[in-house]
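Hi,

Here is the structure I promised to pass on.

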Amino acid sequence: MSFLDGFMIRAALAGLGVALAAAPLGCFVVWRRMAFFGDATAHAAILGVALSLTFEAPIFAGVLIAALGMGYIVSTLGARGHAMDTLLGVLSHSAIAFGLVAVSFLSGVRVDLMAYLFGDILAVSRMDLLVIWGGAISVLGLLWWRWSALLTVTLNPDLAAASGIDPKREQLVLTLALALVVAVAIKVVGVLLIGAMLVIPAAAARPLAQTPERMALGGVVIGAASVIGGLQLSFWFDTPTGPTIVCVAASLFVAVTLADALRQAVRH
Amino acid sequence: MSLITTDGLTMRQGGKTVLSNVDFSISKGEIVTILGPNGSGKSTLLRLLIGALRPSAGKVVRQKGLKIGYVPQKLHIDPTLPLAVSRFLQLPGRVAPAAAKAALQRVGATGFEDQQLASLSGGQFQRVLLARALLSQPDILVLDEATQGLDQPGSAAFYSLIEELRQELGCAVLMVSHELHVVMAASDRVLCLNGHVCCQGAPEHVASAPEYRALFGTGTHGALALYRHEHDHDHDHDGHHHHDGCDHDHAHTHDHSHQEGSV
């Protein structure tokens, strides 16, 4: 017996792991206006699920491969001058549609699609926890290591190039980090709401922060509060947990934004 | 000794040849200005030189360990990114607060450390960008239309600051501009670009070249002469100038056998 035996404890730890990795990465998604990119990568995860089920491989591996593939395709096509917005719209929704069709072909496998689309945080196992925290720490490490370079590229790719930073390499770092976050977050909030965990905590932290680092930290705090609050609320009101977590995050975003608007109005 | 040299540099983008067969080089301590009409490939050349683009053909050779201080034309700061001047000066590498303070002081932006980048005016922003470029102790300053959005006295002041910095740091300066008279007066050498190198040499020489007049008209020559007269100091201190390359036509068929070997 250990404290990890409680499913609520495991759920909380899983959610915190995702919040820890998603918020700092989410800052880059927000700064670089990559929200659609994040969605497309997340949506590709459902194709990854089909892949994993077909080859009886771990879900984590299939999702990681599909997400990396999507990230790579989007980066390459985008660099060739396709209209990014349209391209992402096409790829993002195609990934979901093809993924769902592919899963339906897997006869004999009883698949709970809802669990992949909206997460199944209450069913997190110890093994899942290990994967989630391993992935989250990898993402944090990656971002820590490349932080200044990523920030410089985000500001201006030419400025970065003149300082000897390769913008393409940093884009690859972000793609990798994004794929990792998608792969660990699918169990917690599901394919459809991973984008929310990236964007909402970071956006909510913006009015509270004067530096990029504090915005990332604020995002982690808001993300963690959303996870704990969402778990608690879904327990009380018997609501689906993943969406409840996102609802709490969205409410925090509205609260912070309104408070900031009020503060500015008072000051002027 | 050349800091950056190009050999037959050619750039095609979207099926269009933006630059063809550009041979260029810049030496230590030299101020070179690239002039040219819109779409002449000025910014593309600059981006190739700093390594932000890869050429379609030809090559760029940078001196080993060359430190480039780049001042972009403008910097779009996404409103979602909170960034104070002091933090910006630390990108990508850490600098001591005292050094940051000194750099801001040098460019006339004293005490700007705590300001958010997004709150700065155009002129203040350019100074902060320049301060950041100085902090890397560059061998060469590269400025892409750095005075865009500044008024006439503002940009004149900016260019005289550049000239002073060159004297202090001994760095080369490479600028893109189309503010003809101010720039030409502050340059050792001018490169006239229109998809290819039309002509180059000392400012007076280029201004009287038929290729230059074809692009910019003759009106600016008078302004240049006036400016030169007012600021009658000698730029010819190290014999960089050469007068060549203005004898070809504009049919884009010229060969480059008359390469600029003197730099």
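In chain A, the axes of helix 2 (residues 35–55) and helix 9 (residues 194–205) come within 8 Å and cross at roughly 155°. Axes here are lines fitted to C-alpha atoms, for helices over the stretch in contact, with angles from 0 to 180 degrees between N-to-C directions; helices are DSSP runs (H or I, at least four residues), numbered from the N terminus. That makes helix 2 of chain A roughly antiparallel (over 145 degrees) to helix 9 of chain A. On the helix 2 side, A:Ala35, A:Gly38, A:Asp39 and A:Ala42 take part in this contact (C-beta atoms, placed from the backbone, within 7 Å).

This is a predicted model: local features need pLDDT of at least 70, side-chain atom pairs count only at pLDDT 80 or more, and totals for chains, interfaces and linings use all residues. Residues are numbered from 1 along each chain as its sequence is written, while chains are lettered from A and ligands numbered from 1 in the order in which they are written.

Helix 2 of chain A also comes within 8 Å of helix 4 (residues 84–105) of chain A, axis to axis, crossing at roughly 20°. The two are therefore roughly parallel (under 35 degrees). Among the residues in contact are A:Phe36 and A:Leu53 of helix 2 and A:Leu88 and A:Val103 of helix 4.

Which residues does A:Ala45 touch? Leaving out residues up to four places away in sequence, they are A:Val63, A:Ala66, A:Ala67, A:Val182, A:Ile186 and A:Val191.

Best wishes

Note on methods
Parallel < 35°, antiparallel > 145°, perpendicular 65-115°, else oblique. Contact = placed C-beta atoms within 7 Å.
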